Amino acid sequence: MKNIKILYNQNKLYNEITSDAYYTDQRDEFSIRLVFNGNEHYTIGQKDYNIYPGTFIVINEGTLYSRKIYSDIPANTFAVLFSSSFLSEFHYNSLCDDKYLLDNPYNFNTNNTPTFLETIYPCKGDMMFNLLHLTHHFHNWLIDELLIDEYIYHCLFLFYKLYNQEIVTKSEKLNMLNYKTRTEVFKRLNLAKDFILSNYNQNITLEDISHYCCLSTTHLFRTFKQAYYCSPHQYLMQTRLNNAGHLLKTTDYEINEIVNLVGFDSASSFIRLFKNRFNITPGTYRIDHSKKSA
């Protein structure tokens with residue numbers, strides 16, 4: 001089941017619930033894409049990405065991509081697609097100061113849309129809160145388009161803020177004077193990060209990550225820690241534990257099943273690491289969140 005809402009300004013909202021779908025050779029407007037449960041697989045160029053709850057991917061206008069869903073349980077996917085004129089105006093306003101905008105409120109080029117790094121971003125905090133509200137109003141067919149507009153503006157505002165945190169600031173942490181070198185290394189580090197996020201439940205090695213992002217293992221280890229403040233292995237463990245927390249809150253899977261689903265070798269190591277990260281056992285974590293949702 002899928003629904004599409006096209007707004008008066010040509011922005012679009014897309015929602016789909018399915019356990020089996022495949023779309024190839026797609027080109028759209030700039031879009032933010034996420035899942036609320038299940039997972040969705042994207043192929044952009046020769047790179048593969050798996051999107052799970054708690055993350056989203058952005059795809060630039062005109063990028064050729066394919067996506068598929070094949071799951072035992074229905075996946076709920078959602079996307080916000082921004083029209084070229086809307087994105088151009090927003091970007092123009094983000095670059096200019098108030099004094100200039102007073103004299104030149106409409107002096108933007110509708111054909112000059114920005115491009116962003118097509119990578120996996122964290123979906124949490126205000127960003128998740130805003131998207132949840134957006135989907136709530138999307139499913140209410142008595143749609144207040146002014147309110148929807150506000151959520152879409154805020155969604156883009158939060159993405160720009162997140163982009164600065166996740167891309168601009170982290171790339172500047174790399175100890176390299178040459179801008180082109182720093183930019184290229186950070187692009188490859190994002191591929192490493194995306195590989196971990198997409199394959200966190202598999203038995204992956206540093207060599208697997210290194211091969212995927214075309215960095216030597218030593219270079220990867222050193223620069224990854226500079227950008228993300230942790231090693232690739234620590235990032236993998238954090239990802240597994242965060243996804244385990246999501247499954248504890250949203251499913252009835254037994255703990256041993258969750259251990260296998262997120263890629264841990266044993267329940268004992270999972271429970272120990274989970275308690276170290278959240279200061280609570282998985283069982284108590286599930287009980288506490290069940291009480292909050294009751």
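I looked up the nonpolar cores and found that the largest has 80 residues, with Phe-56, Phe-159 and Leu-189 having the most contacts inside it. I take a nonpolar core as a set of buried Ala, Val, Leu, Ile, Met, Phe, Trp, Tyr and Cys residues joined through side-chain atoms within 4.5 Å. Buried means under 20% relative accessible area, exposed over 50%, and partly exposed in between (1.4 Å probe, protein chains only). Helix 4 (residues 145–172) supplies the largest share of this core, eleven residues. Apart from this core I noted another, of five residues, including Tyr-14, Ala-21, Tyr-23 and Ala-79.

The model is predicted: local features need pLDDT of at least 70 and side-chain atom pairs count only at pLDDT 80 or more, while totals for chains, interfaces and linings use all residues. Residues are numbered from 1 along each chain as its sequence is written, and side-chain values use heavy atoms, with hydrogens and water left out.

I then listed the contacts (heavy atoms within 4.5 Å) of Leu-189. Not counting residues up to four places away in sequence, Leu-189 touches Leu-174, Leu-215, Leu-220, Thr-223, Phe-224, Ala-227 and Tyr-228.

Buried residues make up 48% of the 294 residues. Of the contacts between residues at least 6 apart in sequence, 67% join residues at least 24 apart. The C-alpha trace spans about 65 × 55 × 35 Å along its principal axes.

Next I examined Arg-33, which is found in strand 3 (residues 30–37). Arg-33 is buried, with a relative accessible area of 5%. Leaving aside neighbours within four places in sequence, I found Arg-33 in contact with residues including Asp-28, Tyr-42, Phe-56, Tyr-65, Arg-67 and Ala-79. The C-alpha atoms of Arg-33 and Asn-140 are separated by 20 Å, and the two residues are 107 residues apart along the chain.

Last, I checked backbone phi values. Tyr-229, although not a glycine, has a positive phi of about 60°. Tyr-229 lies in the loop between helix 7 (217–228) and helix 8 (232–250) and is exposed, with a relative accessible area of 55%. Asn-279 also has a positive phi, near 60°. Asn-279 is in the loop between helix 10 (267–278) and helix 11 (282–293), and I recorded Asn-279 as exposed at 68% relative accessibility.

Technical notes
Helix = DSSP H or I, 4+ residues; strand = E, 2+ residues; numbered from the N terminus.
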